[in-house]
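Morning, everyone. I have one structure to walk through today, so please have the sequence and the model open.

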Amino acid sequence: MAAGGALTSLGFRNLTGTYFQALEDNLEKSWAMNVGWLNQSDQPTETYKWLGQAPQLREWVGGRLLKSLEKHTYALTNRIFESTLRIDVDDIRREKINQIMMRVADMARRSATHWELLVSSLINTNPTAHDGLSFFNTGHVLGSSGTINNAVVAAQVPALNVTTATNPTQDEMAKIILGMIQHGYGYLDDQGEPMNQDANSFCLMVPVNMWAAAKGAISSERLTAGESNILLSNNDFSIELKQSPRLTSNTNCYLFRTDVAAKPF
């Protein structure tokens, strides 16, 4: 009877219900969902061609002027991942159902953080984007954008010239964040229009060694030098801080805009 009751508790509906509820909860907390958009695909390889910017408004003179998006395409081959949990019959007999359900929920957490692993891999390897250049590059040009440098150094953001690159101070990190946002406001899209003029939500991704300084920079009312923290008092933008132990560089940090439908990844 005990084994039968246990098997009932381990029924398909209970297992899938536990798994998908835990998966939904963990996906909501995942930074990968903030910097990437999830596309449903039923093809072995998906070609993404809606990558340009929507056309700017113009005065309606005469008929409509139809404009196509810039011809940027990107092909991704879908891959299948799996994780299989073995359950011993003896554990079922011994009524280890709660422990088994904990492991099922943990599998869901692993599934959610798997997206973070994939995005972290893209950040670390910096592969080729749809324009033939690496993701983070000094020479992106899209239509009428002019040169877009999204691999910034101190020449573009002077605040990046810190005393110790692996251990910036709270004050230095606050100035870095402000300088990176300012730099991003200057980007133009493929039609020569300001790309980020209405940006007000960002995700700051840092390696573990920078987390404490970054946390202080976005949450302390006053910086260590005693001055008011403009990052905390401003009403222009919000910053979500995330740390990733998977980042291989301990001197780089990354700022992503998160308040648009077309996410960075």
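Start at R257. With a relative accessible area of 12%, R257 is buried, because the cut-off for buried is under 20%. This is a predicted model, by the way. R257 has a partner in D259: the two form a salt bridge, and their closest N and O atoms are 2.5 Å apart. D259 itself sits at 30% relative accessibility, so D259 counts as partly exposed. There is a third member here.

How many salt bridges does the structure hold? The count is 4. Here is another of them: the side chains of E240 and K242 meet at 3.7 Å, N to O. E240 is partly exposed, at a relative accessible area of 29%.

Next, R109 and D106. These two form a salt bridge as well, with 2.9 Å between the closest N and O atoms. R109 and D106 lie 3 residues apart in helix α5, so about one helical turn separates them. Both ends are partly exposed: R109 has 33% relative accessibility, and D106 has 23%.

Stay in α5 for S111, which is also placed in that helix. S111 is partly exposed, with a relative accessible area of 25%. What does S111 touch, leaving aside neighbours within four places in sequence? The contacts are Y19 and L23. Now compare sequence with space. S111 and S83 are 28 residues apart in sequence, yet their C-alpha atoms are 8.5 Å apart.

Moving past the end of α5, we reach N126. N126 is in the loop between α5, residues 97-125, and β3, residues 140-141. Look at its backbone. The phi of N126 is near 50°, a positive value in a residue other than glycine. Most residues other than glycine have a negative phi. N126 is partly exposed, at 22% relative accessible area.

Now helix α6, residues 170-185. Is α6 enclosed or open? Of its 16 residues, 12 are buried, so α6 is largely enclosed by the rest of the structure. The buried ones include M173, I176, I177, M180 and I181. What covers them? The cover over the buried residues of α6 includes strands β5 (201-206), β6 (238-243) and β7 (254-257), along with helices α7 (211-219) and α8 (230-233).

A quick word on cysteines. The structure holds 0 disulfides. C203 is buried, with a relative accessible area of 0%. C253 counts as buried too, at 18% relative accessibility.

Last, confidence. The mean pLDDT of the protein chain is 85, and 87% of its residues reach 70 or more. Where is confidence lowest, and where is it highest? The lowest is helix α1, residues 2-9, at a mean of 48; the highest is β7, at 96. Over residues 1-7, pLDDT stays under 50, and the model has 6 contacts for them beyond four places in sequence.

That's my tour. Questions welcome.

Methods: Residues are numbered from 1 along each chain as its sequence is written. This is a predicted model: local features need pLDDT of at least 70, side-chain atom pairs count only at pLDDT 80 or more; totals for chains, interfaces and linings use all residues. Side-chain values use heavy atoms; hydrogens and water are left out. Buried means under 20% relative accessible area, exposed over 50%, partly exposed in between (1.4 Å probe, protein chains only). Helices (H or I, at least four residues) and strands (E, at least two) are DSSP runs, numbered from the N terminus. Contact means heavy atoms within 4.5 Å. pLDDT is the predictor's confidence in each residue, from 0 to 100. A disulfide is a pair of cysteine sulfur atoms within 2.5 Å.
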